[in-house]
Amino acid sequence: MVEVLYFAWVRERIGIPREQVETEAGTVGEFIEELKGRGGRYEMALSDLSSVRFAVDQQLAESATEIRDAREIAVFPPMTGG
Amino acid sequence: MTVRVQSGPFDSGRELAALGGAETKAGAMACFVGKVRSVSANPIASMTVEHYPGMTEAAISQHVDEAKRRWPLLDCLVIHRFGKLMPGENIVMVAVLAEHRSEAFRAAEFLMDYLKSRAPFWKKEMTPAGSRWVEAVRQDEEALQRWDSEPASSDQNQSFSDFHPSG
């Protein structure tokens, strides 16, 4: 089980801030495809992957980042701090 | 080196006065304070800043460490607020203490470029027409990328400092 966190408009579109997910995915990209495969809100929130960023165990990650031993995956829009 | 992520306001003058303590080697202090802006063409009632508790502090600290590798900094302060903020309020403060102004200016700008597009914050503006998430802008990404081609050592600063020994 991995803890999945959503932030900003990704959180609003999916409708929840976090959830536990059972996954067999090996990479972030595969994991996101699994989520999109749920359809509905997930498919809508994740339809444009160029506008979504990821972190694995609180480190910024890419689609190819391995998640085999990950405890936490976060999905969010490009950051707008400062 | 201090990193604070907080919902409450901060007094930038008091923070600056406290930075560095009894440090006497410092010839330069550079500071940037970012504020919530509301202009007539784009009025906002308030702004809400969301962040990723746990990751935020650690991610900023990693980048402060990177700034210290690049420039000989004597002290450094980063404060970033989250939650609901009103126009005119401070959002962010970066202050850097160094021997000379070159490294102080550059490190402060480096840290701000990072905070803009790599620290896990997201801004939402509440306007008379409704609310909207602030979109990342290309210029912020380009501002960050220019540091990739900067030398990580301080050779360049040293030669610059030679011409400006008083900081």
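Predicted model: local features only at pLDDT ≥ 70, side-chain atom pairs only at ≥ 80, totals over all residues.
Let me begin with one residue, B:E141, which is partly exposed, with a relative accessible area of 24%. The side chain of B:E141 meets that of B:R118 in a salt bridge, at 2.6 Å from N to O. Since B:E141 sits in helix 4 (residues 138–145) of chain B and B:R118 in the loop between helix 3 and strand 7 of chain B, the pair ties together parts that are 23 residues apart in sequence. B:R118, for its part, is also partly exposed, at a relative accessible area of 27%.

Now, stepping back to chain B as a whole, we find five helices and eight strands, and, read from the N terminus, their order is β-α-β-β-α-β-β-β-α-β-β-α-α. Chain B has 167 residues, of which 44% count as buried, and among its contacts with a separation of 6 or more, 79% are made by residues 24 or more positions apart. Its accessible surface comes to about 8,400 Å², and carbon and sulfur atoms hold 51% of that.

Helix 3 of chain B, residues 101–117, spans 25 Å from its first C-alpha to its last, which is close to the 24 Å expected at 1.5 Å a residue. This helix is mostly covered, with 12 of its 17 residues buried, and among them are B:F110, B:L111, B:M112 and B:Y114, as well as B:E103 and B:D113.

One of the other buried residues of helix 3 of chain B is B:L115, and that residue is touched by B:H80, which lies in strand 4 (residues 73–81) of chain B. B:H80 is itself buried, with a relative accessible area of 0%, and its contacts also include A:G81 and A:G82 from the other chain.

That brings us to the interface, where the contact takes 25 residues from chain B and 20 residues from chain A. Together the two chains bury about 1,800 Å², 58% of it on carbon and sulfur atoms. How many salt bridges does the rule find across the interface of chain B and chain A? It finds two. In one, A:R11 pairs with B:E50, the closest N and O atoms being 2.5 Å apart. In the other, the side chains of B:K124 and A:E12 meet at 2.4 Å, N to O, and this pair runs from strand 7 (residues 121–127) of chain B to helix 1 (residues 8–14) of chain A. B:K124 counts as buried at 13% relative accessibility, whereas A:E12 is partly exposed at 35%.

Over all chains the structure holds 16 salt bridges, and a further one, within chain B, joins B:K68 to B:D65, with the closest N and O atoms 3.9 Å apart. Both residues lie in helix 2 (residues 55–70) of chain B, three residues apart, or about one turn of the helix. As a general point, an α-helix has 3.6 residues a turn, so residues three or four places apart point the same way. B:E66, B:R69 and B:R70 are likewise linked, in a network of salt bridges.

Finally, in helix 2 (residues 28–36) of chain A, the residues A:V28, A:F31, A:I32, A:L35 and A:K36 are buried. Seen down the helix axis, these buried residues fall within an arc of 140°, so they line one face of the helix. Their cover includes strand 1 (2–6), helix 3 (40–45) and strand 5 (72–76) of chain A.

Terms used
Residues numbered from 1 in each chain as written. Chains lettered and ligands numbered in written order. Heavy atoms only, no water. Helix = DSSP H or I, 4+ residues; strand = E, 2+ residues; numbered from the N terminus. Buried < 20%, exposed > 50% of the residue type's maximum accessible area, 1.4 Å probe, protein only. Contact = heavy atoms within 4.5 Å. Areas by Shrake-Rupley, 256 points an atom, 1.4 Å probe, with all protein chains shown as cover. Expected span 1.5 Å × (residues − 1). Arc of directions from axis to C-beta. Buried area = accessible area lost by both parts, 1.4 Å probe. Salt bridge = Lys/Arg side-chain N within 4 Å of Asp/Glu carboxyl O.
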